[in-house]
Amino acid sequence: MSLRPALLGLLCAVAGGLSAPGAPGRETTVFRDVNVVPMDRERVLPHRSVVVRGDRIVTILPADAALPEGARVIEGGGTAYLIPGLHDMHVHLLERGELLLYLANGITTVRNLHGLPRHLAWRDSIERGTLPGPRLVTSGPILDGHPPARSTNTVLRSAADANRAVAAQKAAGYDAIKIYDNVPRDLYAALGRAARRHGVPMVGHLPTPVGLAGLLEVGAQRGIEHVEELLPLFDDGRDTSGLGSVAAGLRRAGVWVTPTLTVHRSALEQARDWAADQRRPELAYLHPGTARSWGWTAAGEARSANPAAAERFARTTAFFERALVPALHQAGVKLLAGSDAPIPTIMPGFGLASELRALAAAGLTPYDALVAATRNPAEFLGRGAWSGTVTPGRAADLLLLSANPLEDIGNVERRLGVMRAGRWHPQSELRALMQRQVAAQNR
């Protein structure tokens with residue numbers, strides 16, 4: 001049995017290597033004798049052959065059915081599991097090379113939440129097939145009040161500013177507007193009206209001057225990024241009263257939540273043992289520019305051996321995983337899986353598996369955690385009719401695994417290869433590309 005994943009990896013690599021960078025597939029490909037986890041509901045379809053033509057799933061057949069003539073065949077051997085490609089719904093793309101890290105970790109869609117013109121260019125290059133990477137959804141530059149919580153945020157001082165900012169981001173081609181901590185109540189309402197008028201989703205933080213009551217009253221914000229935004233309602237995790245009413249209010253308003261639990265988990269690990277945290281093997285892929293611009297070393301050293309930091313992150317992590325997220329999930333609030341990479345020390349691509357494990361620690365079943373990374377994101381992005389499940393007619397964004405993720409969510413890391421828009425990427429080839437990228441960026 002120990003040889004089986006290696007054998008399957010070899011079969012997948014032989015079946016097809018990388019061709020033109022990121023070009024959508026144009027041929028017919030068959031995943032033969034795989035166990036399909038369709039994610040339309042909690043089930044496994046054993047011993048199936050999934051036929052892909054171009055960038056779409058065409059049909060799902062019994063494993064012994066006749067296959068299309070001339071099709072490229074990727075052997076599953078009866079023990080591989082085929083699931084929808086994953087979504088990381090909260091990232092900050094700082095370097096173009098990070099796109100490869102997401103794809104290599106089975107992530108076929110990312111949502112970038114601090115957009116700049118270069119992200120629009122990267123999105124177009126990915127769609128044209130000239131840049132390998134996941135589908136890219138991006139907000140525009142972050143919108144904030146005065147004074148801004150971060151110096152890079154766009155400051156709004158009037159309703160006219162809000163209207164112009166939303167119109168400009170819509171015209172530029174951004175997919176959403178993101179709001180931040182210090183947007184005042186009147187401008188928050190103006191942003192909501194402008195977002196509705198231009199048909200642009202409004203997501204982001206929960207501005208302090210607005211509060212949860214203001215968010216629910218205005219009714220324009222589709223999603224809250226980070227459960228940390230709700231901490232002030234619960235005395236920084238010390239008070240659990242009111243959990244049910246908060247969760248019910250968000251559910252009634254249809255507000256989605258991206259918990260980003262791994263942010264506090266990571267911070268806790270840094271506070272306990274910064275040196276050990278820095279020895280994680282995936283950090284070898286960190287771009288030096290990302291480390292400098294995001295202040296990794298400074299953040300880690302500030303937390304290292306800091307009892308106050310360790311106490312706070314232990315308290316908040318426990319509150320999120322044992323109280324807040326379970327309350328949201330039980331109330332029916334729709335959750336989205338997001339890593340917030342590259343917050344120190346969350347690696348682009350690798351961080352999503354940590355987030356899925358954190359969701360499981362918060363009481364979600366492996367299936368429910370996977371819903372937050374597959375079907376829910378597709379629905380949130382307005383792509384539920386053509387993405388997010390392994391179903392005929394849906395996009396051929398797929399992840400092939402050597403073990404069942406419904407038994408253990410950690411099995412999402414047992415990757416044999418990734419298909420994005422019908423184009424097959426064997427895991428062996430992706431690893432080689434990552435190694436070459438590391439060598440190039442460290443010259």
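You're looking at a predicted model, where local features need pLDDT of at least 70, side-chain atom pairs count only at pLDDT 80 or more, and totals for chains, interfaces and linings use all residues. Residues are numbered from 1 along each chain as its sequence is written, and side-chain values use heavy atoms, with hydrogens and water left out.

Now zoom out. The C-alpha atoms fill a box of roughly 65 × 50 × 50 Å along the principal axes. Switch to cartoon and you'll find 15 helices and 17 strands (DSSP runs numbered from the N terminus: H or I of at least four residues for helices, E of at least two for strands). Of the 443 residues, 56% count as buried, meaning under 20% relative accessible area with a 1.4 Å probe, protein chains only.

Next, go inside. Select L191, L250, L324, L328 and L359: in the largest nonpolar core, which has 97 residues, these touch the most other members. (A nonpolar core is a set of buried Ala, Val, Leu, Ile, Met, Phe, Trp, Tyr and Cys residues joined through side-chain atoms within 4.5 Å.) Stay on L324 and show what it touches: V227, L230, F234, L243 and F319, not counting residues up to four places away in sequence. Another core of 17 residues lies apart from the largest one, and its members include L45, L82, A396 and L400.

Now pick helix α8, residues 262-277. Where is its kink centred? Click A271: α8 bends there by about 85 degrees (the angle between axes fitted to the seven residues ending there and the seven starting there). The end C-alpha atoms of this 16-residue helix are only 14 Å apart, short of the 22 Å a straight helix would reach at 1.5 Å a residue (1.5 Å times one less than the number of residues).

Colour the buried residues of α8, among them H264, A271 and W274. Then show α10 (296-303), α11 (307-331) and α12 (351-361), which are included in what covers them.

Last stop: D277, in α8. Is D277 buried or exposed? Buried, because its relative accessible area is 4%. Leaving aside neighbours within four places in sequence, D277 is in contact with E269, Q270, L283 and T345 (contact means heavy atoms within 4.5 Å).

How values were computed:
Buried means under 20% relative accessible area, exposed over 50%, partly exposed in between (1.4 Å probe, protein chains only).
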